[in-house]
Amino acid sequence: MSLVLGIGLRSGTSYRELRDLVDAALTGLEPAVVTEVATVDGREAEPGLQRLVASLGASLFTATKLELSQQSVPTPSDQVDHLAGTASVAEAAVMLSGAELVVPKQVSARATVAVGRLPEEAATAAPGYAVGERDVVHRVLAERRDVRRGFLDRPVADDVLTRVLESAHRAPSVGLSQPWDFVLIKEVATRRKVRDLAAAQRDAFAASLPADRRSAFDGLKIEAILDTPLNIAVTCDPGRGGRHVLGRHADPRTTWFSAAIAVQNLWLAARAEGLGVGWVSFFEPGEVAAVLDLPSHVELVGYLCVGHVGEFAAAPELVRSGWAARRPLSWAVHQEAWGQRGLPGVDPGAVIADDAAAAAGAVRTVGAQAVHLIVAEVASAAYLEHAEALVVQVGAEKPAADYGVLWRPARTVDEAVELGVEVARDLVLQGVGTIRLELASDSAEAAGLARGVRLGALACGAAVDEPLQMKDSSA
Ligand SMILES: Cc1cc2nc3c(=O)[nH]c(=O)nc-3n(C[C@H](O)[C@H](O)[C@H](O)COP(=O)(O)O)c2cc1C
C-alpha cells in the first residue's frame, strides 16, 4: 500500500514533533510505505520537514494555497485558514495528490498530519516498469535543482560523466538532427575568462534594476563557474542534417528546442548521479563562443557548471530567497483552447480572475518595492527611461522594444482582466508591495487590464496607488 502524508506545519516545527505525529497517525495501518509527503508552497525549506521526508525516503511535493483552498476537505479549520490562507493544508494536500484519505487530520501543537492511500490504478505502472521505478522517474524530475552552492571538492569520474552525456545525447531532436555538441571545460584559466564575462553581465543586470530589487539581487548567487570541477558548454549547429531535415522546414526554432532538450536530459541524468548542475546565461553568447573557439556556424545554447553535491534543496533557490515563486499548474493548463483553464478532470472555466478573488488576502507577506505600472495603447520610448516603470502595451501592434515592455494584446475584456491579474501577481512575487497604476489609454481592454491588476494586487496583498488624473500623462 502506497501512502501519502499531507502535512501542515508552522515555521520552526521540530523533526521530533512531526515524527511523533506521523508515527501516531500511521499506527494500526497495515505495513505500508510512505511514498509522498505533500504540503503547502513555502514550507519545503523547513529543516524538520526535510529531515522527516529524508527519513521516510519519500518525495516532497508542494501545492499553492490556492490549489489547496479549492479542495473540499472533511475538516476545514478557520484557524488554519487564518494562519495559512487555506482552510486545510494536510487533508487538502492529500486529496490534491490523488490519494484517498484514510486517516483524518491529526493535530499536535504546531502541526497537522493527514494520511491518504494512493488508488489501485495509480499503482499500475507502464508495461516493463515497476511502480517504484515509475515513481523514481517522477522523483528525479521533482528533485532536479539548479545548483549554485554546496559543491564538493571531488572530480566527476569519467564513467559517470559518460553516462550523463549518453543520456543527453539520447534527447529527441527535430528530424533526428542531433544539433548539439558538448564542450567539456576543466581548465581554470578558461573558466576564469568565462567567469569574468558572467561577472560583467551580472553588473550590467544589477545596474538595470530599481534599488530594492537590486539589493535582493545582490544576495543571489548566479553561477558556480569556478566552484565546480567541470563546466559544459552545450552548443547548437542550426544547419546540422543538411537541407531536408524532417520537421525543421516549417519551424527552424525546433533546432534550438532540440539542443535545449539535450540540456534537460543532461540535467536529469546528472541529478540521478548526485551531480548538481547550474545553468548560467549571464553572457553575450558570442563572447563565450570566442573564448571556446567555436566555429562561426556553431552557437552557444547553455553553459553548465557541474559537480558533486552533498544534497539538493527541496525548492528552487529563487523561491527560497523570495526572488520569485512558482505559477500554479491550474493556471497553465487550458482545455481545448486558450482560456479554458482547468486541471485534467476538472471542469474548465475557473479563470485566473476568479481564483485571484477566491485567494484574496491569502498571501500576507509582500515586498516593499513600488512599481510604476503604465497601461498604454502604444509604449512610448520615454517610459523606458525610468527603471522603476513597467509598461504594459495593450495595442495589437507588437512593440519594437524587446525588453521593458510587456505586450499584452487582449482580444476581449475578460482576457484583459486575466492578463492584469497575472501582471500584478508576477510583480508581487518579485517583491513589489505597491503598484502605482497609470492608465494611459481609454480602451475597454486597457480598463479591463487595469481592473485585473487591481484584483490581482488585492489577492496578493499589494496596494494599488492611483493618481487622480489617469489619461494622457507622459512618464
Ligand atoms: C535557460 C535557463 C537559463 C538560466 N540561467 C541562469 C543563470 O544565469 N543563473 C542562475 O543562477 N540560474 C539560471 N537558471 C536557473 C533557474 O533560475 C532555475 O531553473 C529556476 O529558478 C528554477 O529552479 P530549479 O531549476 O531549481 O527548479 C537558468 C535556467 C534556465 C532554464
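1. A word to start with: two residues are in contact if their C-beta atoms, placed from the backbone, lie within 7 Å. Please also keep in mind that this is a predicted model.

2. With that in hand, look at helix 6 (residues 131–143) and helix 10 (residues 253–272). Val140, Leu141 and Glu143 of helix 6 meet Leu268, Arg271 and Ala272 of helix 10. By type, the residues of this contact are four nonpolar, two charged and no polar. The two axes come within 9 Å and cross at roughly 105°, which means that helix 6 is roughly perpendicular to helix 10.

3. The largest nonpolar core holds 41 residues, and Leu373, Val375, Val392, Ala424, Ile435, Leu449 and Val453 have the most contacts inside it. Among the elements that each supply at least two of its residues are strand 10 (369–376), strand 11 (389–393) and helix 16 (444–460). Helix 15 gives the largest share, nine residues. Another core, of 40 residues, lies apart from this one and includes Val34, Val53, Phe61 and Ala84.

4. Leaving aside neighbours within four places in sequence, Val392 is in contact with Leu373, Ile374, Val375, Leu406, Arg408, Val423 and Leu449.

5. Finally, visit Ala200 in helix 8 (residues 188–208). Is Ala200 buried or partly exposed? Ala200 is partly exposed, because 14 other C-beta atoms lie within 10 Å. From Ala200 to Gly219 is 19 residues in sequence and 17 Å in space, C-alpha to C-alpha.

Conventions. Residues are numbered from 1 along each chain as its sequence is written. This is a predicted model: local features need pLDDT of at least 70, side-chain atom pairs count only at pLDDT 80 or more; totals for chains, interfaces and linings use all residues. Helices (H or I, at least four residues) and strands (E, at least two) are DSSP runs, numbered from the N terminus. A residue is buried if 20 or more other C-beta atoms lie within 10 Å of its own, exposed if 12 or fewer, and partly exposed in between; C-beta atoms are placed from the backbone. Axes are lines fitted to C-alpha atoms, for helices over the stretch in contact, and angles run from 0 to 180 degrees between N-to-C directions. Angles under 35 degrees count as roughly parallel, over 145 as roughly antiparallel, 65 to 115 as roughly perpendicular and the rest as oblique. Ala, Val, Leu, Ile, Met, Phe, Trp, Tyr, Cys and Pro count as nonpolar, Asp, Glu, Lys and Arg as charged, and the others, Gly among them, as polar. A nonpolar core is a set of buried Ala, Val, Leu, Ile, Met, Phe, Trp, Tyr and Cys residues joined through C-beta atoms within 7 Å.
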